[in-house]
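Please look through the sequence and the structure shown here before reading on.

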Amino acid sequence: MRTQQAHHPADVGLMLNQNTPKAAARRTALSLIATFWLGQLSHASANETNAGASPTGNPDPDQIWCQKQKDENALLQKFGGAMFANPSEISSRDGVLRYHLIVDYSNNIVDGCQATLRSYNYQLVGQTLRAKPGDTLKIKLINNLPISASEKHPQQPPPNQHSGQFSFNVTNLHTHGLHVSPRNKGDNVFIEIPPQDEEDYEIKIPENHVAGTFWYHAHLHGATAIQVSSGMAGALIISSDQGLDAVPEIRAAKDQVLMVQQFVVDKHGRLEDFDKSFPSGDLNPSQTLHETINGQLFPTIKMRPGEIQRWRLVHAGIQENIVLALDGHVLHEIAADGIPLGRLVQWTADQPLLLAPGYRSDVLVKAAPLPNGETHHEYFLRDLRAAPQFSLQAESKARALATSLGLSRSDPVFNRKLSESVELTEFLAKPPQIIARVVVEGDPVDMKLPADLSSVAPSGDLRDIKDDELKGEVQKISFQRDQRVCYPSGECDNQTCQVGTPQCSSHYMIDGKIFVPSPKRFLEVGKASKWILTKDGLEPHIFHIHTNPFQVKRREPDGQDHTVWKDTILVNNSQLVELRSRYPDFWGNIVLHCHILGHEDVGMMQSVELKRE
Ligand SMILES: [Cu+2]
């Protein structure tokens, strides 16, 4: 095993002052939002009571496995600040990207702590793969993980009809966002690679594939959350001499990959117990470490005054949404989920950029000029933290509290207890998390932002889907979580069951069913259709579908809703989400699922067949 040493730079002089007026204002805003949100919870359905939680509802001090600094400033000073480094990169040659992807345990330092986790090629982050439209990815995935007995998983029998015995050491590969064939040795998540075995993937990227930022990660049902939260994910970039990549101002910008990760570890620095790390498929913030970028804690990105860089942001974690802003700078977004916007969208501290797990965003950053008389100025890239109604963790904490109190969510006493909960109040009052710093220094340059990107707006199979093209059947999806009796066929009883009765347990479902590999939904190749996403209860979910992206409206800083192409979308408390998707060519079996991968692992996934006429 190789070991990556943590950096302990002696020369890191940090000024991590969070008690700025803006931070104080934000805390006030947060508490207002909290009040709003706590009010909303009283309307929660009784169905959600008693769903998974720690036995006491309180954080177990034993779960804090290493000597984590409570003081974020001290943590970042001690372990952070090293120079930003892109993940190492492998490019295609003569139309082929040949690559050996080894899965094995490795020892690394995360967040100042020793961690022994399943990894890609012994690193905390997978290497960046870079290919062109028309290329073929020939990836030999070598599973060097040890053969182990079947492991503890909340579902009995294990998650689905795995061909062998279920284990967290079985794996496979998904190319998230790529428009490629899901069949055979392509982007096929039904493949299972047992430990001490290997598989040769052959993924042909179409000639007309859009250039952009995608990513690859493990996707074995039942083991996805554990493997991705261990760092089994890497960037997958499609580069081209057309589209965005051909815009002179973008070509001139330095290309930086920022894989934002949220590692999860137990007190031994390991991730082996699904129930403890993802209680009932849910989230366990006490095991989540500080957010890292490319495995680095608080890296330093150097820029010259006036320089423009292209940051390819990938949310490769599953624990919480990220709300991103760079002090004193605008994030000029040019692509979402790998697909060009055809314009620049300006995200700022007041209108920060939301990244839910699975999202990507390409942004241009133009370094500010140096203030008069200064030779060096630093700015922080912050995760401002999701407001409660956008938070993935706030709701699970509230549910844990309900369980520990033995109260129904609709009980007024519960609502009062919720507002008195120190843990929840502390969670909601958490200051923004600093995840990187930008140091501006050196000779100024005057790089220009592109004036107009309309000529590189999505086209071809990514042209707008108009009303008259919606010939396919409307697709309705509902995300549910409830106490139900579910069967190996994937069917579940319609009624909520009494906790304690045989076979009654908490299930994450789509359309009232848990995942089985046989298709439950059929889409006709050659058509396009409208999708309506809904969910029960307050808990957010994240819709992701393989093979074909979709169009969705999102609120942008100008206060207007704009249509964008995406492959992953947050379904939060207040929205009904409507999508449009086109299935132009590829056929075969794919999946759609919640990208909170713990939810996916316990059933919130559905098999879909793309059917030729
Ligand atoms: Cu979910």
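**A walk through the model**

At 14% relative accessibility, cysteine 486 counts as buried, the term buried meaning under 20% relative accessible area, exposed over 50% and partly exposed in between, with a 1.4 Å probe and protein chains only. This is a predicted model, in which local features need pLDDT of at least 70 and side-chain atom pairs count only at pLDDT 80 or more, while totals for chains, interfaces and linings use all residues. Residues are numbered from 1 along each chain as its sequence is written, and side-chain values use heavy atoms, with hydrogens and water left out.

Taken as a whole, the protein has 613 residues, of which 59% are buried. Its secondary structure consists of nine helices and 32 strands, where helices (H or I, at least four residues) and strands (E, at least two) are DSSP runs numbered from the N terminus. Of the contacts (heavy atoms within 4.5 Å) between residues at least 6 apart in sequence, 80% join residues at least 24 apart. The accessible surface comes to about 24000 Å², and carbon and sulfur atoms account for 50% of that area, as calculated by the Shrake-Rupley method with a 1.4 Å probe, only the protein chains shown counting as cover for residues.

The interior can be followed through its nonpolar cores, a nonpolar core being a set of buried Ala, Val, Leu, Ile, Met, Phe, Trp, Tyr and Cys residues joined through side-chain atoms within 4.5 Å. The largest of these has 81 residues, and Trp311 and Phe543 are the ones with the most contacts inside it. Strand β21 (residues 433–441) gives the most to this core, with four residues. A second, separate core of 32 residues includes Leu101, Leu178, Ile205 and Leu236. Returning to tryptophan 311, and leaving aside neighbours within four places in sequence, its contacts include Gln256, Leu258, Leu381 and Val438.

Which strand holds glutamine 261? Glutamine 261 is found in strand β11, residues 254–261, and is buried, because its relative accessible area is 2%. A polar atom of its side chain lies 3.0 Å from the backbone oxygen of leucine 124. Beyond its neighbours within four places in sequence, glutamine 261 is in contact with several residues, among them Leu124, Val125, Gly231, Glu291 and Ala316.

Proline 206, by comparison, is placed in the loop between β8 (197–204) and β9 (212–217), and proline 206 counts as buried because its relative accessibility is 13%. The C-alpha atoms of proline 206 and histidine 179 are 7.7 Å apart in space, although the two residues are 27 apart in sequence. Apart from residues up to four places away in sequence, proline 206 touches Pro133, Gly134, His179, Val180 and Phe586.

The last stop is the set of disulfides, a disulfide being a pair of cysteine sulfur atoms within 2.5 Å, and the count by this rule comes to two. In one of them, cysteine 486 and cysteine 492 have their sulfur atoms 2.2 Å apart, and the link is right-handed, with 105° about the S-S bond. Cysteine 492 counts as buried because its relative accessibility is 10%. The link between cysteine 497 and cysteine 504 has its sulfur atoms 2.0 Å apart and is right-handed, with 85° about the S-S bond. Cysteine 497 is buried, with a relative accessible area of 13%, and cysteine 504 is likewise buried at 13% relative accessibility. Cysteine 594 also counts as buried, because its relative accessibility is 0%.

Conventions: Polar contact = N/O pair within 3.5 Å; in protein donor to acceptor, adjacent residues only side chain to side chain.
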